[in-house]
Amino acid sequence: MMPGVAYGAEASKVLSLLDLSRPGLEKVAAAHAAGNDSLAAVELLDYFRHRTDVNSIGVDPDNVKLSKTDRKWADDGLRHVFFVHNGYQPSYFYGDDINWQYWPVKDNELRWQLHRTKWWVPMGKVYRVTGDEKYAKEWAYQYRDWIVKNPLTQFDGIKDSNLEDADNVYFAWRPLEVCDRLEHQIEQFELFLPSEHFTPDFLLTFLDNYHRHATFANTHYSAKGNHLLFEAQRVIFAGAFFPEFREAAAWRKAGVDILNREIVKQVLPDGVQFELDPGYHKASINIFGKALQMMDANGYRGEFPQSYLDAVRKMVEFTYNISSPDYLQPLFSDNHLTTKNVMQRSYKEWLKLFPDDSALRYFATDGAEGTLPEYTSRAFTDGGFYVMRNGWTPDATVLVLKAGPKGEWHNQFDNGTFSLWHNGRDFFPDSGSYIYGGDSTVIAQRNWFRQTAVHNTLTLDNRNLENRVSKHIKWETTPQGDVAVVETPGYEGLTHRRAVFYVDKKFFVIADEATGTAKGDVAIHYQLLPCDPEVDYKNKSIVTNFPDGNNIILKVFGADKLTKEEGWMSQEYRKKEERPAFALSTEKKNDKPVRFITVIIPTDTLDAKPGKIKAHYTGPTSLVVEIDGKKYPLSF
Ligand code: MG
């Protein structure tokens, strides 16, 4: 304790939040009972420094691994250059006297995520590795500065649009940010606890602030979606890591109840999270898994039934099924590019929950242990994902067709789209999402990437789908090939039926039919990876020409014209790259259906030339494709 510092009311207020009858807190209770709260605070700090019956599952403070990024974020943080978002690099300077309301670009994420204070854990890690007190001193300073400048003022629930003139409280105290701090301040607490700057006085400030966060979080849950999951998991963390708070058991119970309720709502029977976004799907697995691990680590497995674990296991299976052999998933919806390392780390974490899952073990260890799944193709018909593959090794081919329910906020107008990975190359990468929400400029940028027409699917007059609910019609997989049929009544008066065949597990045929009374320009769109393909506008064929010979031929039948369109893809936030995109269209003038056939051939699986490919319908659900004289009759 620093001499001369009076704790007064603050100490008694904080002590009143704690259950002082808890074993280990005898000295704190005695000092408090004797009216000596300053001594109680000293004893409380001593208690936390020696507490051994509580565990966390985040950074291990005694075994810190420091990365270059940690070092940079920590050192930048010292001079108030705060890492907020990957999409805004280099990071901005927030002033010597920190301006927590600085908003250089009106992207909501930039303003919200400042309040996740992502550089504080790295500061703690550097402090632990170097022992340099300046990191602890600065953290304690910024921690108090944040509290003073971001008061919890009148708050009318969650506001996530029209934020341009909103009060600071809507950014600093958005429940998702509050809960982010709940989780990561546990790590900061552990990392900085031995510091001379972690004084008894600071401890009281910390506990008071943390308690306010947990109380707020537990009374301001988001209505639904992944935000609610994040919030529940983090309230569980608060209750598990600070069991000394009187409400700790209630926080744990509230969080567990929400996760048990939401896992049934948000995870479809086939294991797909209902936002239909591979990135949020993965984040949801982490949430469900971490909640379970945190409860386990502290002896409260709680009331997670077996069905909870079964659902998480299915979610994990979905992730490796839609992944290409490089461990990456299609960038459907708001997904962003990840890395093999990150995915492998996730698989390792998930393996702790399912040590008997031999395929998961294979992916977690990059093949050193475990075995690959015995099956290849697989459909997830509730979520509307159909995966056609000929294997799991790096030379495999993987097509993922997406046509499911409406999905939630992150889902796009993309029913019927697909990605196709062949031998290390993603030939039809999704356009991605580029950016989230903000002012009108930001929203316009976001909306470009959400359009139906910038996906590999069918449109009427290039418009966005009016109805985004697809129907599962058929799924069949055999060692000789696969077929998936889906139907999307996407527009008033127009239904799109798409059948995808993986013929002999060598090449793909897509049979599209647009039926109904609507008239207009019916087009199928194809978005290629950045390259300079050979395009035959007259014969409607496109051939990529990578010098390594790993190419595809695409040829379309039934289209009146082939036109080049604007094409972009964004794999990371606010980064985009131009790429070739095409529309193949036919004017629908009457009630007669418009039908297309697309043949896509990876050139190293079949010796084919565009001129030697023919195809025609033989009936409403049957067609014949001819390649180099060989006929392939197909039906569904
Ligand atoms: Mg997309």
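Me: What percentage of the 636 residues of the chain count as buried?
Reply: This is a predicted model, in which local features need pLDDT of at least 70, side-chain atom pairs count only at pLDDT 80 or more, and totals for chains, interfaces and linings use all residues. Residues are numbered from 1 along each chain as its sequence is written, and side-chain values use heavy atoms, with hydrogens and water left out. Buried means under 20% relative accessible area, exposed over 50%, and partly exposed in between (1.4 Å probe, protein chains only). Of the 636 residues, the share that counts as buried is 59%.

Me: What radius of gyration does the chain have, against that of a compact globule?
Reply: The radius of gyration is taken over C-alpha atoms, and the globule rule is 2.2 Å times the number of residues to the power 0.38. For 636 residues a compact globule would come near 26 Å. The chain agrees with this, at 28 Å.

Me: How many helices and strands does the chain have?
Reply: Helices (H or I, at least four residues) and strands (E, at least two) are DSSP runs, numbered from the N terminus. On that basis the secondary structure of the chain comes to 17 helices and 24 strands.

Me: Why is helix H10 described as largely enclosed by the rest of the structure?
Reply: Helix H10 covers residues 200-219 and reaches 29 Å from its first C-alpha to its last. That is close to the expected 28 Å, where the expected span is 1.5 Å times one less than the number of residues. The helix is largely enclosed because, of its 20 residues, the number buried is 16.

Me: Which residues are the protein donors of the magnesium ion?
Reply: Donors are N, O and S atoms within 2.8 Å of the metal (3.2 Å for Na, K and Ca); water is not among the atoms, so sites may look incomplete. Along the chain the donors follow the spacing Q-x17-D-x24-H. Lying 2.0 to 2.2 Å from the magnesium ion, they are Gln412 (OE1), Asp430 (OD) and His455 (NE2).

Me: Are Gln412 and Asp430 buried or exposed?
Reply: Gln412 is in the loop between strand E5 (397-402) and strand E6 (417-422), while Asp430 is in the loop between strand E7 (425-426) and helix H17 (440-450). The pair is 18 residues apart. Both Gln412 and Asp430 are buried.

Me: Which residue forms a salt bridge with Arg446?
Reply: A salt bridge is a side-chain nitrogen of Lys or Arg within 4 Å of a carboxyl oxygen of Asp or Glu. In this pair the closest N and O atoms are 2.9 Å apart. Arg446 is buried, with a relative accessible area of 3%. Its partner is Asp334.

Me: How many residues apart in sequence are the parts that Arg446 and Asp334 tie together?
Reply: Arg446 lies in helix H17, and Asp334 in the loop between helix H14 (306-322) and helix H15 (340-353). Asp334 counts as buried, at 2% relative accessibility. The pair ties together parts whose separation in residues is 112.

Me: In which helix do Lys149 and Asp145 both lie?
Reply: Lys149 forms a salt bridge with Asp145, with the closest N and O atoms 3.1 Å apart. Lys149 is partly exposed at 26% relative accessible area, whereas Asp145 is buried at 10%. The two are four residues apart, about one turn, in helix H7.
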